[in-house]
Amino acid sequence: MSNQAAEPLYNVLVHQVSRPTGEPSPQHFQFVEEPLPALADGAALVENIHFSVDPYMRECMDGDWELNEALEGRTLGRVIRSNSAELLPGSWVLHRQGWRLYAHVVPEEVRVLVPVEGVPLTAWLSVLGGTGLTAWVALTQIAGLQAGESLYLSAAAGGVGTAAAQFAALLGARRIVGSTSNARKATILTQRLGYTDAFVYQSGQISAQLTEIIPQGIDIYLDNVGGEQLEAAIDAFRDNGRAALIGAVAQYSALHPPAAPRNLFDIVGKSLMLKGFLVRDYQHLQQELEAFIIPHIQSGNVVVEENITFGFNNIVDAFLSMLNGGNIGKALVSIEPGI
Ligand SMILES: NC(=O)c1ccc[n+]([C@@H]2O[C@H](COP(=O)([O-])OP(=O)(O)OC[C@H]3O[C@@H](n4cnc5c(N)ncnc54)[C@H](OP(=O)(O)O)[C@@H]3O)[C@@H](O)[C@H]2O)c1
């Protein structure tokens, strides 16, 4: 095919080289250089530009990820050479061969992304990606948020949290309360990310802080953290409250399971519903999410909140920083600014 960039000879990938006990660290990863194989018929060579780093990857480190093998992760890249009529050089593709500079892909494993005016491409890894879809499903399918209801979100300043709060505001939530690890993040939540109230979870007992902020109680809880946070939400629930159990980031690196929640019997007394889900089972709602949210991004109603670390060399640090709360919004890595 004509107009194709010269094929790079080498790839750079990140491997996991050992299993962590507790907190992961840079020593569990290694950057590896290897020759790029010849491009097969029907395949395209993609230069990866934007990478998603996510909490589930910490769980993968315990066994799902093979040691000394290429890792997976949601990634947005540009086709630079192609032996496929469906994947034209210059087109943007979403795929799951992350943690590497280049990927060979076939049409069945990618989504070709058509840029939309007024929407940054990275939004398809954040508020319009699996993160945003998780928030959308939690609110609309699992918890069934109704206008006028009040909700609480843990890991409020993260990718899912900042998307969910803004979506909840658009869906007519009355009070949107979030918790995070420091006062600076809490201020940003209420100033520009849709929260009506925010608090620092280490500042005192979570349940007591929630009662003080919203004494009338909550109708909905989006649980990103588990443990003590879930226990506090069960305490704060009004009758017929609903929790969407999204994740339990507090225990992904914990050496022992959390002692809480100790109040599970209140689920009976208050007629509560707690339901977990995996976003991969709700991909059919992607178009619904985009149809609802894209006009709000274009109008500025929804902030595409992203924490972008530049440089592929920094991908491990960006992942570890996200696990420790270094991010506000969706944690991403881009190879350089301005692409
Ligand atoms: N069910 C699904 O299909 C699905 C899909 C996507 C994500 N998830 C889950 O959703 C949750 C949020 O994911 P995300 O991608 O949006 O990540 P994120 O919230 O952007 O990043 C993780 C955040 O967790 C917080 N955190 C870390 N340790 C904590 C602890 N011990 N207690 C309280 N907070 C802690 C940190 O924020 P602070 O600074 O505020 O502590 C950190 O920023 C995760 O549990 C993830 O596994 C589930």
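Reply: The residues that form the shell around the ligand divide by class into 15 nonpolar, 12 polar and 2 charged. Please keep in mind as you read that this is a predicted model. Of the 29 residues around the ligand, those that come nearest are Gly158, Gly159, Ser181, Gly247 and Gly325. Two elements give two or more residues to this shell, namely helix 2, which covers 130-142, and helix 3, which covers 159-170. The shell also draws on both domains, with at least three residues from domain 1 (10-126 + 304-334) and at least three from domain 2 (130-280).

That brings us to the domains themselves. The chain is divided into domain 1, made of the two stretches 10-126 and 304-334, and domain 2, made of the stretch 130-280. Their C-alpha centres lie 29 Å apart, and the contact between them takes 16 residues from domain 1 and 16 residues from domain 2. On the side of domain 1 that touches domain 2, the elements giving two or more residues are helix 1 (56-60) and strand 15 (330-334). Sorted by class, that side of domain 1 has 5 nonpolar, 5 polar and 6 charged residues.

Ala248 counts as buried because 21 other C-beta atoms lie within 10 Å, where the cut-off for a buried residue is 20 or more. If residues up to four places away in sequence are not counted, Ala248 touches Val225 and Gly226. The C-alpha atom of Ala248 is separated by 5.4 Å from that of Asn224, although these two residues are 24 residues apart along the chain.

The loop between strand 12 and helix 7 also holds Pro261, and the peptide bond that runs from Ala260 to Pro261 is cis, with omega near 5°.

Strand 12 itself contains Ala243, which is buried, since 25 other C-beta atoms lie within 10 Å. Leaving aside neighbours within four places in sequence, Ala243 is in contact with Ala143, Tyr221, Asp223, Ala233, Leu272 and Leu274. Ala243 and Asp54, by contrast, are 189 residues apart in sequence and 22 Å apart in space, taken from C-alpha to C-alpha.

One of the contacts of Ala243 is Ala233, and residue 233 falls within helix 6, which spans residues 227-236. Helix 6 packs with helix 5 (residues 206-213) at an angle of about 40°, and the axes of the two helices are 8 Å apart. The crossing in which helix 5 passes helix 6 is right-handed. Helix 5 makes this contact through Ile206, Ser207, Leu210 and Thr211, while helix 6 makes it through Glu228, Gln229, Glu231, Ala232, Asp235 and Ala236. By class, the residues of this contact divide into 4 nonpolar, 3 polar and 3 charged.

For a residue in another strand, turn to His50, which lies in strand 3 (residues 44-52). His50 is buried, because 25 other C-beta atoms lie within 10 Å. Apart from its neighbours within four places in sequence, His50 is in contact with Thr75, Leu76, Leu121, Thr122, Leu125, Leu332 and Ser334. His50 and Arg175 are 125 residues apart in sequence, and from C-alpha to C-alpha they are 34 Å apart in space.

Finally, consider the backbone angles at two residues in loops. Most residues other than glycine have a negative phi. Trp99, however, has a positive phi of about 55° although it is not a glycine, and its place is in the loop between strand 5 (92-95) and strand 6 (102-105). Ser271 likewise has a positive phi of about 55° without being a glycine, and Ser271 is placed in the loop between helix 7 and strand 13 (273-276). Is each of these two residues buried or exposed? Trp99 is buried, because it has 27 other C-beta atoms within 10 Å, whereas Ser271 counts as exposed, because it has 11 C-beta neighbours inside 10 Å and the cut-off for an exposed residue is 12 or fewer.

Note on methods:
Residues numbered from 1 in each chain as written. Predicted model: local features only at pLDDT ≥ 70, side-chain atom pairs only at ≥ 80, totals over all residues. Near = placed C-beta within 6 Å. Helix = DSSP H or I, 4+ residues; strand = E, 2+ residues; numbered from the N terminus. Nonpolar A, V, L, I, M, F, W, Y, C, P; charged D, E, K, R; others polar. Domains from an automatic or database assignment. Axes fitted to C-alpha atoms, helices over the stretch in contact; angles between N-to-C directions. Left-handed = near helix turned anticlockwise from the far one by under 90°. Contact = placed C-beta atoms within 7 Å.
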